[in-house]
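This briefing is for a reader meeting the structure for the first time.

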Amino acid sequence: MTTKLFGRAARAIVAAGAALTMLVSVAACGPSASTPSEAGDTASASGNTSATKARSLDEIKKSGELKVAVFSDKAPFGYVDKDGKYQGYDVYFAEQLAKDLGVTPKYTSVDPAARVDVLTSNKVDLVLANFTVTDERAQKVDFAKPYMKVALGVVSPDSKVIKNVDELKGKTLIIAKGTTAETYFGTNYPDVKLQKYDQYADAYNALLDGRGDAFSTDNTEVLAWAKANKGFTVGITKLGDEDTIAPAVQKGNTELLNFVNDEIVKLGKDKFFHKDYQQTLEPVYGDEVNPDDIVVEGGEL
Amino acid sequence: MQGAEILLQPGVFPRLLQGLWVTVWIAGVSVGLSVPVGLLVGWLMTLRNPLIRILMRIYLDFIRIMPQLALLFIAFYGFAQAWGWNLDATGACVLVFVLWGGAELGDLVRGALESIPKSQYESAYVLGLSPWQTFSRVILPQAVRRLLPASVNLATRIVKTTSLAVLLGVVEVIKVGQQIIDAHRFEFPTATLWIYGVIFFMYFIVCWPLSIVARRLEKRWAHD
């Protein structure tokens with residue numbers, strides 16, 4: 001008796017479920033229309049079953065879209081402006097790549113930790129998210145030629161600008177924990193007193209309060225900060241090991257990799273990345289910074 | 001107080017509302033699909049069949065033990081890498097939240113059905129009601145009363161958990177907030193507090209009516 005009863009209940013439930021599923025699939029493209037960039041979720045809710053293998057150049061051209069992962073909250077490299085449009089140094093390059101391919105770029109917002117995974121699981125064709133080249137990462141993705149470089153910078157008050165790393169001897173240097181600056185000064189300059197903070201914001205406040213003589217982290221970061229805070233100068237713009245920043249594609253996707261490399265060489269002849277710098281980074285860094293400290297043309301350091 | 005001016009900048013509020021719509025859409029679809037799944041799972045859990053019981057037990061425990069974030073990463077990256085099943089970010093979110101909501105709701109349904117004393121079935125049969133009448137007129141109304149307040153709470157939990165979608169690259173309300181904060185980093189250094197404050201109120205406005213409904217129902221049915 002009870003089984004019969006539950007049988008009917010089950011049928012009713014299954015029917016209701018089927019009805020709901022249909023209803024939802026009709027509405028499936030709901031949210032994508034409202035995301036600023038239509039990033040990442042325009043494909044119908046679950047129907048996109050492309051294989052994990054990266055798309056070929058022909059497939060990209062055919063689809064009319066180059067899927068690029070960029071930062072959406074790391075100004076001035078990749079961010080979303082007031083009108084909800086993607087902007088920045090990385091985005092400027094992505095626009096050009098898509099243009100030369102004859103397609104439109106489709107941006108996906110990415111977090112630093114997800115940059116390898118979006119490639120291995122083929123969510124995007126290309127990562128252009130201030131991706132620093134490291135040996136560890138190079139085992140999982142293929143990096144193209146670099147288009148930017150980053151080193152350490154040291155910012156200090158105008159009244160006592162530190163222009164040479166030797167001037168730091170016996171002085172207090174503020175650094176953020178877990179950054180390259182911490183390891184660099186710890187191993188190479190043991191006679192510099194380090195004052196360590198967990199947060200960037202706290203480190204900057206310490207410098208503003210005069211708790212230390214200078215602050216060191218990535219030069220791109222301190223340059224932008226010094227520009228916004230009057231009374232401080234980046235006395236040393238280039239220090240330590242230079243890291244390069246390059247586009248990345250899925251491991252083994254030589255077709256797209258070669259295209260990107262050729263583009264970088266070709267664009268380098270017209271000083272494309274200097275133009276990119278002028279458009280996106282100069283408003284933030286000002287003209288006292290030498291673009292050659294940051295920009296890499298033609299993939300050659 | 002200067003930071004508050006950021007809220008008046010053109011585009012800031014509409015964009016936050018667009019982000020909120022993405023959040024509400026994911027949560028709404030997930031909750032809507034969780035209901036049939038949950039009812040089915042709950043009913044399966046009350047069956048005597050040992051195989052089905054074990055399967056349901058494994059399903060529920062697996063979903064409960066695994067953090068939602070791990071499930072999201074498995075659905076989004078893992079499926080694509082293992083079987084080439086390439087879900088987009090929204091699809092992966094809905095899938096995980098439906099599996100999660102279905103399991104939790106299923107357990108609530110099971111508890112509610114099992115909490116109805118046998119005497120209710122027996123009395124109904126004695127009165128001459130058919131099995132279907134017994135279920136729909138006697139058992140279900142009582143079970144739903146015990147079920148509803150807890151399921152509304154489950155819905156608010158799903159709404160809040162959608163914030164994890166940000167980690168898959170979904171541009172929902174939190175991500176829009178971060179983008180706005182960063183785009184105005186130098187003009188409005190104190191914008192963080194204001195933007196997250198507004199986001200807090202947005203979540204509150206979505207979840208609050210749900211908790212009111214849950215509380216009202218609990219009160220109204222407490223004396224029955």
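In this predicted model, chain A has a mean pLDDT of 82, and 83% of its residues reach 70 or more.

**Confidence along the chain**
- Among the elements of chain A, the lowest mean pLDDT, 52, belongs to helix H1 (residues 2-26), whereas strand E6 (residues 126-127) has the highest, 96.
- Over residues 22-51 of chain A the pLDDT stays under 50, although the model has 59 contacts beyond four places in sequence for this stretch.
- Where pLDDT is low, the predicted coordinates should not be read in detail.

**The sheet**
- Five strands of chain A, in the order E10-E9-E11-E8-E12, make up an open sheet with mixed pairing.
- Strand E10 (193-197) and strand E12 (232-245) of chain A are the edge strands, each of which pairs on one side only.
- On average, and with direction ignored, neighbouring strands of this sheet are turned by 25° against each other.
- Strand E8 (residues 148-157) of chain A runs antiparallel to E12(A) and is joined to it by 8 bridges; Pro157(A) has Phe232(A) in E12(A) as its bridge partner.

**Helices packed on the sheet**
- Helix H6 (residues 180-188) of chain A packs on the sheet, where it touches E8, strand E9 (172-176), E10, strand E11 (214-218) and E12 of chain A, and the direction of H6 makes about 145° with that of E9(A).
- Helix H7 (residues 200-209) of chain A also packs on the sheet, touching E9, E10 and E11 of chain A, with a direction that makes about 160° with that of E9(A).

Definitions and conventions. Residues are numbered from 1 along each chain as its sequence is written. Chains are lettered from A and ligands numbered from 1 in the order in which they are written. This is a predicted model: local features need pLDDT of at least 70, side-chain atom pairs count only at pLDDT 80 or more; totals for chains, interfaces and linings use all residues. Two strands pair if DSSP finds at least two bridges between them. Helices (H or I, at least four residues) and strands (E, at least two) are DSSP runs, numbered from the N terminus. Axes are lines fitted to C-alpha atoms, for helices over the stretch in contact, and angles run from 0 to 180 degrees between N-to-C directions. Two residues are in contact if their C-beta atoms, placed from the backbone, lie within 7 Å. pLDDT is the predictor's confidence in each residue, from 0 to 100.
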